[in-house]
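I opened my notebook to write down what I looked up, one entry per topic. The structure comes first, then the entries.

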Amino acid sequence: MSAPRLRDLPAHARAAALGLSEAQIATLRAGLSLEQADHMIENVIGVFGLPLGVAQHFIVNGRSIPAVPMVIEEASVIAACSYAAKLAAASGGFRAGSTEPVMIGQVQLLDVPDFDTARARILAEEQALLHWLNVENTSTRSRHARALGIEVRTLEGPPPMLVVHVLYDCGDAMGANLVNTACEALAPKLAQLSNGRTNLRILSNLSDRRLAWATCTIRADLLAAREDNTLPPALIAQHIEEASRFAEADPYRAATHNKGIMNGVDAVVIATGNDWRAVEAAAHAYAARSGRYTALATWRVNAAGDLEGRIELPLAVGIVGGATRAHPLAQLALQMLGVRSARELAEVIACVGLAQNFAAIRALAMEGIQQGHMALHARQVAMSAGASGEEIERVAAQLVAERNIRMERARAILEMLRADTHAPGAHTSPATET
Ligand code: MEV
(Lines give C-alpha, C1' and ligand atoms only; values in the text may rest on other atoms or scores of the structure.)
Protein backbone atom coordinates (compact mmCIF):
# COMPACT_ATOMS: atom_id res chain seq x y z
CA MET A 1 0.00 0.00 0.00
CA SER A 2 1.44 3.41 -0.91
CA ALA A 3 2.06 6.03 1.82
CA PRO A 4 -0.76 8.55 2.20
CA ARG A 5 -0.22 11.89 0.50
CA LEU A 6 0.87 14.60 2.88
CA ARG A 7 -2.19 16.70 2.20
CA ASP A 8 -4.49 13.81 3.12
CA LEU A 9 -3.02 13.64 6.63
CA PRO A 10 -4.18 15.88 9.47
CA ALA A 11 -1.83 18.84 10.01
CA HIS A 12 -0.50 17.47 13.31
CA ALA A 13 0.59 14.19 11.66
CA ARG A 14 2.50 15.63 8.71
CA ALA A 15 5.80 16.46 10.40
CA ALA A 16 6.17 12.88 11.66
CA ALA A 17 5.27 11.53 8.21
CA LEU A 18 8.15 13.59 6.80
CA GLY A 19 10.52 11.86 9.21
CA LEU A 20 11.16 14.82 11.51
CA SER A 21 12.56 13.82 14.90
CA GLU A 22 10.67 14.17 18.19
CA ALA A 23 12.88 17.15 19.03
CA GLN A 24 12.21 18.83 15.69
CA ILE A 25 8.47 18.27 16.09
CA ALA A 26 8.64 19.78 19.58
CA THR A 27 10.43 22.82 18.08
CA LEU A 28 7.69 23.13 15.47
CA ARG A 29 4.98 22.98 18.11
CA ALA A 30 6.70 25.49 20.41
CA GLY A 31 7.39 28.04 17.65
CA LEU A 32 8.89 31.38 18.64
CA SER A 33 8.35 32.22 22.29
CA LEU A 34 7.53 35.69 23.57
CA GLU A 35 10.87 35.73 25.33
CA GLN A 36 12.78 34.86 22.16
CA ALA A 37 10.81 37.48 20.23
CA ASP A 38 11.64 40.04 22.89
CA HIS A 39 15.33 39.58 22.12
CA MET A 40 14.75 40.14 18.41
CA ILE A 41 12.93 43.48 18.22
CA GLU A 42 11.75 46.31 20.46
CA ASN A 43 8.45 46.76 22.30
CA VAL A 44 7.31 43.19 21.70
CA ILE A 45 3.71 42.52 22.73
CA GLY A 46 3.12 39.17 21.03
CA VAL A 47 4.16 36.71 18.35
CA PHE A 48 2.38 36.83 15.00
CA GLY A 49 1.84 33.39 13.47
CA LEU A 50 1.88 32.51 9.77
CA PRO A 51 1.36 29.09 8.20
CA LEU A 52 4.52 27.03 7.67
CA GLY A 53 4.00 24.46 4.95
CA VAL A 54 6.28 22.32 2.81
CA ALA A 55 6.65 22.02 -0.95
CA GLN A 56 7.53 18.56 -2.18
CA HIS A 57 9.24 16.85 -5.12
CA PHE A 58 12.24 19.17 -5.41
CA ILE A 59 15.41 17.79 -6.95
CA VAL A 60 18.20 20.36 -7.09
CA ASN A 61 21.46 19.47 -8.85
CA GLY A 62 20.59 15.81 -8.42
CA ARG A 63 19.84 16.08 -4.69
CA SER A 64 16.30 15.33 -3.59
CA ILE A 65 14.82 17.69 -1.00
CA PRO A 66 11.72 15.92 0.32
CA ALA A 67 10.22 18.98 2.00
CA VAL A 68 11.02 22.62 1.27
CA PRO A 69 9.72 24.75 4.16
CA MET A 70 7.69 27.78 3.10
CA VAL A 71 6.05 30.44 5.25
CA ILE A 72 3.16 32.05 3.41
CA GLU A 73 -0.41 33.16 4.04
CA GLU A 74 -1.57 32.81 0.40
CA ALA A 75 -3.54 29.72 -0.55
CA SER A 76 -2.43 27.55 -3.52
CA VAL A 77 1.22 28.65 -3.55
CA ILE A 78 2.59 25.49 -1.95
CA ALA A 79 0.39 23.13 -3.95
CA ALA A 80 1.34 24.90 -7.17
CA CYS A 81 5.04 24.86 -6.33
CA SER A 82 4.97 21.13 -5.53
CA TYR A 83 3.15 20.40 -8.77
CA ALA A 84 5.75 22.29 -10.82
CA ALA A 85 8.61 20.58 -8.97
CA LYS A 86 7.04 17.19 -9.71
CA LEU A 87 6.85 17.99 -13.41
CA ALA A 88 10.47 19.18 -13.41
CA ALA A 89 11.51 16.03 -11.51
CA ALA A 90 10.37 13.94 -14.46
CA SER A 91 13.20 15.56 -16.44
CA GLY A 92 15.78 15.25 -13.65
CA GLY A 93 14.74 18.27 -11.58
CA PHE A 94 16.43 21.65 -11.43
CA ARG A 95 19.98 22.63 -12.25
CA ALA A 96 21.14 25.58 -10.23
CA GLY A 97 24.23 27.69 -9.71
CA SER A 98 25.38 30.86 -8.04
CA THR A 99 28.18 33.39 -7.92
CA GLU A 100 30.44 33.82 -4.91
CA PRO A 101 28.41 35.52 -2.11
CA VAL A 102 29.68 39.01 -2.84
CA MET A 103 27.93 42.05 -1.37
CA ILE A 104 28.59 45.71 -2.10
CA GLY A 105 29.05 48.39 0.55
CA GLN A 106 28.76 52.04 -0.44
CA VAL A 107 30.52 55.10 0.92
CA GLN A 108 29.25 58.46 -0.34
CA LEU A 109 31.94 61.15 -0.76
CA LEU A 110 30.98 64.80 -1.18
CA ASP A 111 32.80 68.13 -1.58
CA VAL A 112 35.65 66.30 -3.29
CA PRO A 113 37.80 69.02 -4.92
CA ASP A 114 39.23 66.88 -7.74
CA PHE A 115 37.46 63.66 -8.71
CA ASP A 116 40.26 62.28 -10.91
CA THR A 117 42.92 62.77 -8.25
CA ALA A 118 40.66 61.34 -5.54
CA ARG A 119 39.83 58.28 -7.63
CA ALA A 120 43.50 57.68 -8.48
CA ARG A 121 44.56 58.01 -4.83
CA ILE A 122 41.84 55.65 -3.56
CA LEU A 123 42.60 53.03 -6.21
CA ALA A 124 46.34 53.30 -5.59
CA GLU A 125 45.61 52.44 -1.95
CA GLU A 126 43.22 49.58 -2.75
CA GLN A 127 45.48 46.73 -1.58
CA ALA A 128 46.46 48.58 1.59
CA LEU A 129 42.83 49.35 2.41
CA LEU A 130 41.82 45.72 1.84
CA HIS A 131 44.68 44.53 4.03
CA TRP A 132 43.61 46.95 6.73
CA LEU A 133 40.03 45.65 6.61
CA ASN A 134 40.96 41.97 6.43
CA VAL A 135 43.99 41.80 8.68
CA GLU A 136 44.78 44.90 10.71
CA ASN A 137 41.44 46.30 11.86
CA THR A 138 39.87 44.20 14.62
CA SER A 139 36.27 45.31 14.00
CA THR A 140 36.32 44.08 10.37
CA ARG A 141 38.76 41.17 10.55
CA SER A 142 36.78 37.95 10.11
CA ARG A 143 37.45 34.27 9.55
CA HIS A 144 34.31 33.97 7.45
CA ALA A 145 34.28 37.07 5.28
CA ARG A 146 36.78 39.00 3.21
CA ALA A 147 36.99 42.39 1.55
CA LEU A 148 37.79 41.65 -2.10
CA GLY A 149 38.05 44.91 -3.92
CA ILE A 150 37.33 48.61 -4.13
CA GLU A 151 35.66 50.45 -6.99
CA VAL A 152 35.08 54.16 -7.44
CA ARG A 153 32.06 55.58 -9.25
CA THR A 154 31.20 59.16 -10.16
CA LEU A 155 27.65 60.45 -9.89
CA GLU A 156 26.76 63.72 -11.55
CA GLY A 157 24.24 64.64 -8.88
CA PRO A 158 23.46 67.37 -8.10
CA PRO A 159 25.49 67.52 -6.00
CA PRO A 160 28.29 65.72 -7.83
CA MET A 161 29.72 62.93 -5.70
CA LEU A 162 32.11 60.01 -5.68
CA VAL A 163 30.75 56.68 -4.50
CA VAL A 164 33.19 54.05 -3.31
CA HIS A 165 32.08 50.44 -3.52
CA VAL A 166 33.67 47.92 -1.21
CA LEU A 167 33.17 44.38 -2.45
CA TYR A 168 32.84 41.78 0.28
CA ASP A 169 32.74 38.02 0.14
CA CYS A 170 30.26 37.37 2.97
CA GLY A 171 30.70 33.61 3.17
CA ASP A 172 27.65 32.00 4.74
CA ALA A 173 26.24 35.21 6.22
CA MET A 174 23.83 37.59 4.54
CA GLY A 175 26.49 40.13 5.42
CA ALA A 176 24.63 43.38 6.13
CA ASN A 177 26.24 43.94 9.53
CA LEU A 178 29.66 43.05 8.30
CA VAL A 179 29.51 45.30 5.26
CA ASN A 180 28.00 48.22 7.19
CA THR A 181 30.77 47.95 9.78
CA ALA A 182 33.39 47.91 7.04
CA CYS A 183 31.90 50.98 5.32
CA GLU A 184 31.85 52.90 8.58
CA ALA A 185 35.40 51.84 9.42
CA LEU A 186 36.74 52.76 6.01
CA ALA A 187 34.95 56.10 5.68
CA PRO A 188 37.52 58.33 7.49
CA LYS A 189 40.34 56.89 5.36
CA LEU A 190 38.34 57.55 2.18
CA ALA A 191 37.53 61.10 3.29
CA GLN A 192 41.22 61.72 3.82
CA LEU A 193 42.29 60.20 0.50
CA SER A 194 39.68 62.17 -1.43
CA ASN A 195 39.99 65.42 0.52
CA GLY A 196 36.22 65.32 0.77
CA ARG A 197 33.66 64.40 3.41
CA THR A 198 31.64 61.21 3.79
CA ASN A 199 27.91 60.97 4.24
CA LEU A 200 26.18 57.57 3.87
CA ARG A 201 28.08 54.38 4.64
CA ILE A 202 25.83 51.42 4.04
CA LEU A 203 25.42 48.17 2.14
CA SER A 204 23.69 48.24 -1.26
CA ASN A 205 20.63 46.04 -1.58
CA LEU A 206 21.18 45.79 -5.31
CA SER A 207 23.27 42.68 -4.69
CA ASP A 208 24.01 42.06 -8.36
CA ARG A 209 27.35 40.36 -7.57
CA ARG A 210 25.49 37.74 -5.53
CA LEU A 211 23.33 36.00 -8.10
CA ALA A 212 21.68 32.62 -8.20
CA TRP A 213 20.14 30.96 -11.23
CA ALA A 214 18.20 27.82 -12.00
CA THR A 215 16.97 26.02 -15.09
CA CYS A 216 14.61 23.12 -15.70
CA THR A 217 12.78 21.30 -18.44
CA ILE A 218 9.06 20.57 -18.30
CA ARG A 219 7.72 17.99 -20.70
CA ALA A 220 4.70 19.26 -22.59
CA ASP A 221 3.08 15.82 -22.68
CA LEU A 222 2.92 15.82 -18.86
CA LEU A 223 1.07 19.14 -18.89
CA ALA A 224 -1.40 17.81 -21.38
CA ALA A 225 -1.97 14.73 -19.22
CA ARG A 226 -4.00 16.65 -16.64
CA GLU A 227 -7.59 15.52 -16.17
CA ASP A 228 -8.93 19.02 -16.72
CA ASN A 229 -7.00 19.56 -19.96
CA THR A 230 -8.44 19.56 -23.44
CA LEU A 231 -5.52 21.24 -25.23
CA PRO A 232 -2.76 19.47 -27.22
CA PRO A 233 0.76 19.61 -25.65
CA ALA A 234 2.22 21.88 -28.35
CA LEU A 235 -0.47 24.47 -27.80
CA ILE A 236 0.00 24.47 -24.02
CA ALA A 237 3.75 24.92 -24.42
CA GLN A 238 3.16 27.73 -26.89
CA HIS A 239 0.76 29.49 -24.48
CA ILE A 240 3.33 29.30 -21.71
CA GLU A 241 6.08 30.76 -23.90
CA GLU A 242 3.67 33.51 -24.95
CA ALA A 243 2.96 34.26 -21.30
CA SER A 244 6.71 34.53 -20.67
CA ARG A 245 7.21 36.83 -23.66
CA PHE A 246 4.39 39.06 -22.43
CA ALA A 247 6.22 39.56 -19.12
CA GLU A 248 9.56 40.05 -20.87
CA ALA A 249 8.07 42.83 -23.03
CA ASP A 250 5.76 44.61 -20.60
CA PRO A 251 6.60 45.99 -17.14
CA TYR A 252 2.92 45.87 -16.12
CA ARG A 253 2.86 42.13 -16.68
CA ALA A 254 6.46 41.65 -15.48
CA ALA A 255 5.56 43.05 -12.05
CA THR A 256 2.87 40.37 -11.66
CA HIS A 257 5.03 37.63 -13.18
CA ASN A 258 7.80 38.52 -10.72
CA LYS A 259 5.31 38.75 -7.85
CA GLY A 260 4.46 35.12 -8.55
CA ILE A 261 8.17 34.24 -8.42
CA MET A 262 8.51 36.08 -5.13
CA ASN A 263 5.57 34.11 -3.70
CA GLY A 264 7.94 31.17 -3.68
CA VAL A 265 11.20 32.99 -3.04
CA ASP A 266 9.93 35.01 -0.06
CA ALA A 267 8.24 32.00 1.50
CA VAL A 268 11.57 30.15 1.79
CA VAL A 269 13.47 33.33 2.67
CA ILE A 270 11.07 33.92 5.58
CA ALA A 271 11.10 30.26 6.68
CA THR A 272 14.90 30.37 6.91
CA GLY A 273 14.92 33.61 8.93
CA ASN A 274 16.36 35.73 6.14
CA ASP A 275 15.62 39.35 5.28
CA TRP A 276 12.88 39.17 2.67
CA ARG A 277 12.75 42.96 2.22
CA ALA A 278 16.38 42.87 1.12
CA VAL A 279 15.66 40.02 -1.28
CA GLU A 280 12.58 41.83 -2.67
CA ALA A 281 14.46 45.11 -3.13
CA ALA A 282 17.28 43.33 -4.92
CA ALA A 283 15.01 41.27 -7.16
CA HIS A 284 13.04 44.23 -8.45
CA ALA A 285 16.08 46.49 -8.87
CA TYR A 286 17.76 43.66 -10.79
CA ALA A 287 14.66 43.18 -12.94
CA ALA A 288 15.01 46.85 -13.97
CA ARG A 289 18.79 46.77 -14.56
CA SER A 290 18.52 47.33 -18.32
CA GLY A 291 16.48 50.51 -17.73
CA ARG A 292 13.23 48.66 -18.42
CA TYR A 293 11.66 46.44 -15.79
CA THR A 294 11.38 42.90 -17.11
CA ALA A 295 10.80 39.23 -16.19
CA LEU A 296 13.19 37.47 -13.81
CA ALA A 297 12.25 34.08 -15.26
CA THR A 298 11.70 33.11 -18.89
CA TRP A 299 10.27 30.09 -20.72
CA ARG A 300 10.92 28.81 -24.23
CA VAL A 301 9.69 25.84 -26.21
CA ASN A 302 12.71 23.72 -27.20
CA ALA A 303 13.25 21.62 -30.32
CA ALA A 304 11.55 18.64 -28.66
CA GLY A 305 8.44 20.74 -27.97
CA ASP A 306 9.11 20.86 -24.22
CA LEU A 307 9.52 23.94 -22.07
CA GLU A 308 12.88 25.21 -20.88
CA GLY A 309 12.76 27.65 -17.97
CA ARG A 310 15.47 29.86 -16.57
CA ILE A 311 15.56 32.24 -13.66
CA GLU A 312 18.35 34.53 -12.46
CA LEU A 313 18.13 36.90 -9.54
CA PRO A 314 20.19 38.33 -6.70
CA LEU A 315 19.76 36.29 -3.52
CA ALA A 316 21.45 37.75 -0.46
CA VAL A 317 20.62 35.03 2.04
CA GLY A 318 22.63 33.48 4.83
CA ILE A 319 22.65 30.36 6.94
CA VAL A 320 24.42 31.95 9.91
CA GLY A 321 23.72 35.06 11.96
CA GLY A 322 20.63 37.19 12.47
CA ALA A 323 17.24 35.53 12.62
CA THR A 324 18.61 32.38 10.96
CA ARG A 325 20.15 31.72 14.36
CA ALA A 326 17.71 33.50 16.68
CA HIS A 327 14.52 31.96 15.33
CA PRO A 328 14.15 28.28 16.31
CA LEU A 329 12.01 27.49 13.27
CA ALA A 330 14.56 29.04 10.92
CA GLN A 331 17.14 26.58 12.22
CA LEU A 332 14.69 23.76 11.65
CA ALA A 333 13.95 25.00 8.13
CA LEU A 334 17.67 24.99 7.30
CA GLN A 335 17.98 21.44 8.64
CA MET A 336 15.06 20.33 6.51
CA LEU A 337 16.62 21.87 3.42
CA GLY A 338 19.91 20.17 4.19
CA VAL A 339 21.90 23.09 2.75
CA ARG A 340 25.52 23.44 3.80
CA SER A 341 26.23 26.94 2.53
CA ALA A 342 24.52 30.25 1.84
CA ARG A 343 25.12 29.67 -1.85
CA GLU A 344 23.37 26.32 -1.75
CA LEU A 345 20.42 27.94 0.01
CA ALA A 346 20.27 30.66 -2.66
CA GLU A 347 20.31 28.00 -5.37
CA VAL A 348 17.38 26.12 -3.81
CA ILE A 349 15.45 29.38 -3.48
CA ALA A 350 16.05 30.18 -7.15
CA CYS A 351 14.57 26.76 -8.03
CA VAL A 352 11.52 27.46 -5.88
CA GLY A 353 11.07 30.82 -7.64
CA LEU A 354 11.25 29.15 -11.04
CA ALA A 355 8.80 26.42 -9.99
CA GLN A 356 6.38 29.00 -8.64
CA ASN A 357 6.57 31.04 -11.80
CA PHE A 358 5.93 28.00 -13.95
CA ALA A 359 2.93 26.94 -11.87
CA ALA A 360 1.42 30.42 -12.05
CA ILE A 361 1.78 30.96 -15.77
CA ARG A 362 0.72 27.39 -16.53
CA ALA A 363 -2.50 27.94 -14.62
CA LEU A 364 -3.02 31.34 -16.25
CA ALA A 365 -2.37 29.95 -19.71
CA MET A 366 -4.62 26.94 -19.18
CA GLU A 367 -7.59 26.99 -16.80
CA GLY A 368 -7.02 30.45 -15.29
CA ILE A 369 -5.87 31.08 -11.77
CA GLN A 370 -9.22 31.35 -10.04
CA GLN A 371 -10.25 27.73 -10.28
CA GLY A 372 -7.28 26.50 -8.26
CA HIS A 373 -7.48 29.38 -5.85
CA MET A 374 -11.16 29.05 -5.25
CA ALA A 375 -11.35 26.11 -2.86
CA LEU A 376 -8.61 27.37 -0.55
CA HIS A 377 -9.79 30.94 -0.73
CA ALA A 378 -13.31 29.75 0.09
CA ARG A 379 -11.99 28.11 3.27
CA GLN A 380 -10.32 31.33 4.34
CA VAL A 381 -13.51 33.30 3.71
CA ALA A 382 -15.52 30.70 5.63
CA MET A 383 -13.15 31.01 8.59
CA SER A 384 -13.27 34.81 8.45
CA ALA A 385 -17.06 34.58 8.49
CA GLY A 386 -16.82 32.69 11.78
CA ALA A 387 -16.99 29.05 10.66
CA SER A 388 -15.02 26.58 12.74
CA GLY A 389 -14.32 22.84 12.72
CA GLU A 390 -16.47 20.95 10.22
CA GLU A 391 -18.38 24.09 9.35
CA ILE A 392 -15.37 25.38 7.41
CA GLU A 393 -15.49 22.65 4.75
CA ARG A 394 -19.29 22.80 4.50
CA VAL A 395 -19.44 26.57 4.08
CA ALA A 396 -16.47 26.53 1.67
CA ALA A 397 -17.99 23.76 -0.46
CA GLN A 398 -21.22 25.72 -0.78
CA LEU A 399 -19.38 28.92 -1.71
CA VAL A 400 -17.45 27.07 -4.43
CA ALA A 401 -20.59 25.36 -5.73
CA GLU A 402 -22.25 28.76 -6.03
CA ARG A 403 -19.05 30.33 -7.44
CA ASN A 404 -19.73 33.20 -5.08
CA ILE A 405 -16.90 33.46 -2.59
CA ARG A 406 -17.94 36.45 -0.59
CA MET A 407 -18.06 37.17 3.11
CA GLU A 408 -21.76 38.11 3.25
CA ARG A 409 -22.66 34.90 1.48
CA ALA A 410 -20.42 32.87 3.80
CA ARG A 411 -22.13 34.45 6.83
CA ALA A 412 -25.57 33.68 5.40
CA ILE A 413 -24.63 30.04 4.68
CA LEU A 414 -23.16 29.69 8.16
CA GLU A 415 -26.30 31.11 9.73
CA MET A 416 -28.46 28.66 7.76
CA LEU A 417 -26.18 25.78 8.65
CA ARG A 418 -26.32 26.59 12.33
CA ALA A 419 -30.06 27.15 12.30
CA ASP A 420 -30.40 23.80 10.58
CA THR A 421 -28.06 22.08 13.03
CA HIS A 422 -29.86 23.46 16.03
CA ALA A 423 -33.34 22.85 14.68
CA PRO A 424 -35.36 20.30 16.67
CA GLY A 425 -34.77 16.87 15.15
CA ALA A 426 -31.43 17.75 13.52
CA HIS A 427 -29.10 14.82 14.24
CA THR A 428 -26.19 16.89 15.54
CA SER A 429 -28.39 19.10 17.68
CA PRO A 430 -27.19 19.25 21.27
CA ALA A 431 -30.85 18.95 22.29
CA THR A 432 -31.22 15.56 20.62
CA GLU A 433 -27.80 14.30 21.71
CA THR A 434 -28.55 14.64 25.38
C1 MEV B 1 -0.62 35.63 -7.43
O2 MEV B 1 -0.18 35.72 -6.09
C3 MEV B 1 0.54 35.47 -8.38
C4 MEV B 1 0.17 35.46 -9.86
O5 MEV B 1 -0.55 36.64 -10.19
C6 MEV B 1 1.47 35.40 -10.63
C7 MEV B 1 1.33 35.58 -12.12
O8 MEV B 1 0.35 36.22 -12.58
O9 MEV B 1 2.24 35.11 -12.83
C10 MEV B 1 -0.70 34.29 -10.21
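**Entry 1: the strand pair**

I started with Thr154, whose bridge partner in strand S8 is Leu162. Helices (H or I, at least four residues) and strands (E, at least two) are DSSP runs, numbered from the N terminus. I noted that this is a predicted model, in which local features need pLDDT of at least 70 and side-chain atom pairs count only at pLDDT 80 or more, while totals for chains, interfaces and linings use all residues. Residues are numbered from 1 along each chain as its sequence is written, and side-chain values use heavy atoms, with hydrogens and water left out.

I then looked up the two strands as a pair (two strands pair if DSSP finds at least two bridges between them). S7 and S8 run antiparallel and are joined by nine bridges. They form a hairpin with five residues between them. In the turn, Gly157 has a positive phi of about 80°.

**Entry 2: cis peptide bonds**

Which residues does a cis peptide bond join here? I found one between Gly157 and Pro158, with omega at about 10°. Another cis peptide bond joins Pro158 and Pro159, with omega at about -10°. Pro158 sits in the loop between S7 (146-155) and S8 (161-169), and I found Pro159 in the loop between S7 and S8 as well.

**Entry 3: positive phi**

I looked up Asn43, a residue other than glycine with a positive phi, near 50°. Asn43 is in the loop between helix H3 (34-40) and strand S1 (52-55). Is Asn43 buried or exposed? Asn43 counts as exposed because its relative accessible area is 74%; buried means under 20%, exposed over 50%, and partly exposed in between (1.4 Å probe, protein chains only).

His57 also has a positive phi, near 75°. I placed His57 in the loop between S1 and strand S2 (58-60). His57 has 34% relative accessibility, so it counts as partly exposed.

**Entry 4: Thr272**

I found Thr272 in the loop between H10 and helix H11 (276-287). Why does Thr272 count as buried? Its relative accessibility is 0%, so Thr272 falls in the buried class. The side chain of Thr272 reaches the backbone oxygen of Val269 at 3.1 Å. I checked the rule for a polar contact: a pair of N or O atoms within 3.5 Å; within protein, one must be able to donate a hydrogen and the other to accept it, and residues adjacent in sequence count only if both atoms are side-chain atoms.

I also listed contacts (heavy atoms within 4.5 Å). Leaving out residues up to four places away in sequence, Thr272 touches Thr324, Ala330, Ala333, Leu334, Leu337 and Leu345.

**Entry 5: the ligand**

How many residues surround the ligand? I found 10, and the closest are Glu74, Arg253, Lys259, Asn263 and Leu364. A residue is near a molecule if one of its heavy atoms lies within 4 Å of it. H10 (251-271) and helix H14 (342-365) each supply at least two residues of this shell, and H10 gives the most, with six.

I then noted distances to oxygen atoms of the ligand. An N or O atom in the side chain of Arg253 is 2.7 Å from one. A polar side-chain atom of Lys259 lies 2.7 Å from one. For the side chain of Asn263, the distance from an N or O atom is 2.9 Å. The protein covers 85% of the 300 Å² of accessible area that the ligand has on its own (Shrake-Rupley method, 1.4 Å probe).
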